[in-house]
Amino acid sequence: MGSDERAVTSVEVRYTPTAEDFREAFAAWERCTAAGRRSRLAVYTVAVGGTAVVGLLAVLGGTVLRLLALLVAVVLLVVLAGPATRVRRVTRTAREKGEFRVLLDDQGVVVSTEASVTEFAWSEQRYYLETPRLFLLLKGSEETGVLTMLPKRGVDDLRVLGELIDRHATALVRD
């Protein structure tokens, strides 16, 4: 084996997803991708606009306007509760699939559960994010919301995993 060849050409990550994994993944996606920043801006815009409308309608008074203010308040609550609801829904769905086994090698990424096997070429996972507890592979571009989550706790050799990902994908970094 030449000095440039690597002894380890594949890494397996095994884990059962947790709500904390998804919270961290979604937060990183919102901070570091264009699509995530737009999503977060939309929630903030609805929250501020909804609050202003509720306040204005409540001040103007009248039964119909108060009912409309109540309706806007309910919609506002639903929008603000959306991220927590999304985490619960995705966590429940992922747990139903059981343990995730992700095999990464120089050819690509294979995600296996009891229910399915999905393969991705590295050309489909061109970008990645790293958080203190996760690596996140982004399908397509930073405009997408499709992530492959790789909790660091699920791998024996974190250095080899990081090197393999860095060799095939570009890190997205946001200051």
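Reply: A term before we start: buried means under 20% relative accessible area, exposed over 50%, and partly exposed in between, with a 1.4 Å probe and protein chains only. By that cut-off, buried residues make up 35% of the 175 residues in the protein.

Me: What kind of model is it, and what are the ground rules?
Reply: This is a predicted model; local features need pLDDT of at least 70, side-chain atom pairs count only at pLDDT 80 or more, and totals for chains, interfaces and linings use all residues. Residues are numbered from 1 along each chain as its sequence is written, and side-chain values use heavy atoms, with hydrogens and water left out.

Me: How many helices and strands in the protein?
Reply: Four helices and eight strands. Helices (H or I, at least four residues) and strands (E, at least two) are DSSP runs, numbered from the N terminus.

Me: In what order do the elements run from the N terminus?
Reply: β-α-α-α-β-β-β-β-β-β-α-β.

Me: Strands next. What does β1 pair with?
Reply: Strand β1 (residues 10-15) pairs with β2 in the antiparallel sense, over six bridges. Two strands pair if DSSP finds at least two bridges between them. Glu12 has Leu103 in β2 as its bridge partner.

Me: And what is on from β2?
Reply: Strand β3 (residues 108-112), joined to β2 by four bridges and antiparallel to it. Leu103 stands opposite Val110 in β3. β2 and β3 form a hairpin, with two residues between them.

Me: What joins β3 to β4?
Reply: Five bridges, and the two strands run antiparallel. β4 covers residues 117-121. Gly108 stands opposite Ala121 in β4. This is a hairpin too, with four residues between β3 and β4.

Me: Back to β2. Which of its side chains are buried?
Reply: Phe100, Val102 and Leu104, which point to one face of the strand (residues 100-105).

Me: What does Leu104 touch?
Reply: Leaving aside neighbours within four places in sequence, the contacts of Leu104 include Val11, Val13, Trp122, Leu137, Leu150 and Leu161. Contact means heavy atoms within 4.5 Å.

Me: Which residues have the most contacts inside the largest nonpolar core?
Reply: Leu104 and Ile165, in a core of 34 residues. The largest share of this core, six residues, comes from helix α1 (residues 19-32). A nonpolar core is a set of buried Ala, Val, Leu, Ile, Met, Phe, Trp, Tyr and Cys residues joined through side-chain atoms within 4.5 Å. In soluble globular proteins, nonpolar side chains tend to be buried together.

Me: Aromatics now. How many pairs in the whole structure?
Reply: Three. One of them is Tyr15 with Phe100, stacked, at 5.5 Å centre to centre and 20 degrees between the planes. That pair links distant parts of the chain: Tyr15 is in strand β1 and Phe100 in strand β2, 85 residues apart. Tyr15 is buried at 6% relative accessibility, and Phe100 is buried at 12%.

Me: What about Tyr128 and Phe135?
Reply: They form a tilted pair, 6.2 Å centre to centre with 55 degrees between the planes. Both Tyr128 and Phe135 are buried. Rings of Phe, Tyr and Trp (its six-membered ring) pair if their centres lie within 6.5 Å; planes under 30 degrees apart count as stacked, over 60 as edge-to-face and the rest as tilted.

Me: What is the strand order in the open sheet of four strands?
Reply: β7-β6-β5-β8, with mixed pairing. β7 (147-151) and β8 (170-171) stand at the edges with a single partner strand each, so one side of each is left without a neighbour in the sheet. Five bridges join β6 (residues 134-138) to β7, and those two run antiparallel. Leu136 has Met149 in β7 as its bridge partner.

Me: Which strands does helix α4 lie across?
Reply: β5 (127-130), β6 and β7. Helix α4 (residues 158-168) runs at about 20 degrees to β6. Axes are lines fitted to C-alpha atoms, for helices over the stretch in contact, and angles run from 0 to 180 degrees between N-to-C directions.

Me: Last one. Is Thr91 buried or exposed?
Reply: Buried, with a relative accessible area of 4%. Thr91 is in helix α3 (residues 63-96). Not counting residues up to four places away in sequence, Thr91 touches Thr18, Ala19 and Phe22.
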